Amino acid sequence: MLLREDEFQRRYGSFYQEALCEAQDVAAHPERQKAALDSEKAGQRPLQLRAPQPDPYAYRAILSRGFVRYQERLKNYIVAHHEPKAAMRSFLPTLMDIEPNSRCNFRCVMCQVSEWENGTRTDDMTLEELQAFVECQPGLTEVKLRGMGEPLLHPRYIEMVQYLVGRDLWVRTNTNSSVLHARDNYRRLIDSGIGEIQTSVDGATKDVFEKIRRRSNFEQVVRNLTLLNQYANRQDRPYTRMWVVVQQYNRHQIFEFVELAKRMECRRLTFSLTLNDWGQDQWHAKNAQLQSLDLSEEEQQRLLDVMAREGIEITVWRQATKYSTESPDTLCPWVFGRPYISSDSRVVPCSMIANPDVMDLGDATDFERVWNGPAYQAFRQRHLSGDIPTHCRHCYKMP
C-alpha cells in the first residue's frame, strides 16, 4: 500500500476491520463457505454464457488466508478496489502476469512466438529472480505464472508455483500440454497447490489441431490432458479449464470441442472468441484474416442445453472491443492495476502485448519506482484522456 497509514484509516478503517473479520472467519471455517456456495449453486441454470471465473470456494479461501497472514496485503487490496482510475496509484498491483520463460516448442499460427528465432525471445527468469521480485510485492493476491512460452519447459517451474502458493497467492497458468507426461508433470502440477490450469486445445481433430498448433502432436496432447483431468477430478475441486481460441480453422468444430472435453474428462470449457494482435500492426492484419464470427444465439442456446445435460461448465471470453472511452468505468482496468513482468524483468502494460520489444515501461527490479514513474503515468493519462495508444486500440471500441 502506498497510501499513508493515517490516510488509510481515515478513509477505510471501519471497512478494513469488517473485511479482516470476514477473512478470519473464512480462513477458520472454509467448510461453511463451501457448503454455502454449493447450496447457492444448486439448481441454478444460467440464462446466457458467462465469462470464465475461478473456482469461488478455492479462490476466496486462498485470498482470505493471505489477508489474515499479511494484513498489509488486505489494506492494499481495499485501496485497489476503491480507488478510481488515475495516472498516479496509491496501491501496488494485486494481480500480475509473471513470465517464467519466453520460449515455446510450438509455432502456433496466431501467436507472435512463431516469428521469434528458435521460438525464443530471451533467457528464462530464475527461481531466485522470481522470489526476489515477489518479496518486494506485498500487495499481490494473484499471479498468472505464464507468458509467451510453454511454462513446463522451465526446469524449475513447479518450484516457482510452490513458492507462490506458499505465500497464500492464487496461482494460475496455461499450458500447451505437450510435456505434462514428462516427469509426472500432470501430477506434480496439481499437487503443487496451483489454483487453475488452462489447457490450450485449438482443434478437435488431429488435422485441425496440428494445422493451428504447428509442431504439436494431437494424440500426445489428448493422452496428457486425460491424465491431468482424471487426476484433478479425484481432488474434488475444478483445477483444469480447456481453453479454445476460436478462429477460421476451427470455427466449424464448436460442438466437437464439447465432445472432446467429455472424452478427456474436462469439466470446464472456455471459448475465447478474440484473436490477439500483441499490440502490433502486422499481427493485427494477419489475425484479422483468421478471426471468426461470434457464436450465434442458436449456438449459445445449444451450448447452454449441453451444460445442463452434461454438467460441463461452458463459458466465453471476448477481448476485442471490450473497452471504450465513454467513461473511466469503461477504460481497460489492466492499465491501472495489472502489469506484465517479462522473463527478463521488464515491465510491460499487459499480457495482450506481452513483449517488452513492443512496449517497455521500465525495469521490474525497481518496480515501485516504475509503477508511479513518468512513463507509466503518461501511459495511464493517455487512456484517461481518450487518446488510446496504438498498441491498445484492438481492445477498445474506437470512434
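This is a predicted model: local features need pLDDT of at least 70, side-chain atom pairs count only at pLDDT 80 or more; totals for chains, interfaces and linings use all residues.

Me: What makes the radius of gyration agree with a compact globule?
Reply: The radius is taken over C-alpha atoms, and the globule rule is 2.2 Å times the number of residues to the power 0.38. For 399 residues a compact globule would come out near 21 Å; the protein has 21 Å, so the two agree. The C-alpha atoms fill a box of roughly 60 × 50 × 45 Å along the principal axes.

Me: How many residues count as buried, and how much surface is exposed?
Reply: Buried means under 20% relative accessible area, exposed over 50%, and partly exposed in between, with a 1.4 Å probe and protein chains only. Buried residues make up 57% of the 399.

Me: What share of the contacts join residues at least 24 apart?
Reply: Contact means heavy atoms within 4.5 Å. Among contacts between residues at least 6 apart in sequence, 74% join residues at least 24 apart.

Me: How many helices and strands are there, and what makes a run count?
Reply: Both are DSSP runs, numbered from the N terminus: helices are H or I with at least four residues, strands are E with at least two. The protein has 15 helices and 12 strands.

Me: Why are E9 and E12 called edge strands?
Reply: Two strands pair if DSSP finds at least two bridges between them. An open sheet of 10 strands runs E9-E8-E7-E5-E4-E3-E1-E10-E11-E12, with mixed pairing. Strand E9 (313-317) and strand E12 (362-363) each pair on one side only. At the E9 end, E8 (residues 268-272) and E9 are parallel over 5 bridges. Thr270 has Thr315 as its bridge partner there.

Me: What makes E7 largely enclosed?
Reply: 6 of the 6 residues of strand E7 (residues 240-245) are buried, so the rest of the structure largely encloses this strand. Thr240, Met242 and Val244 point one way, and Arg241, Trp243 and Val245 the other.

Me: How do you know which strands E7 pairs with?
Reply: E5 (residues 196-200) and E7 pair in the parallel sense over 4 bridges. Gln198 has Arg241 as its partner in E7. E7 and E8 are also parallel, over 4 bridges. There the partner of Val245 is Ser272.

Me: Where does Glu142 sit in the pairing of E3?
Reply: E1 and E3 are parallel over 4 bridges, and Leu95 is partnered with Glu142. E3 and E4 are parallel over 3 bridges, and there Glu142 is partnered with Trp170. Glu142 and Lys144 point one way from E3, Val143 and Leu145 the other, and all are buried.

Me: What makes the phi of Ser177 and of Ser345 worth a look?
Reply: Most residues other than glycine have a negative phi. Ser177 has a positive phi of about 70°, and Ser345 is near 60°. Ser177 lies in the loop between strand E4 (170-175) and helix H7 (185-191). Ser345 lies in the loop between strand E10 (340-341) and strand E11 (346-348).

Me: Why is Ser345 called buried?
Reply: Its relative accessibility is 15%, so Ser345 falls under the cut-off. Ser177, at 0%, is buried too.

Me: Why does Glu299 count as buried, and what does Glu299 touch?
Reply: Glu299 has a relative accessible area of 17%, so the label is buried. Glu299 sits in helix H12 (residues 297-310). Beyond its neighbours within four places in sequence, Glu299 is in contact with Arg251, Phe255 and Asp294.

Definitions and conventions: Residues are numbered from 1 along each chain as its sequence is written. Side-chain values use heavy atoms; hydrogens and water are left out.
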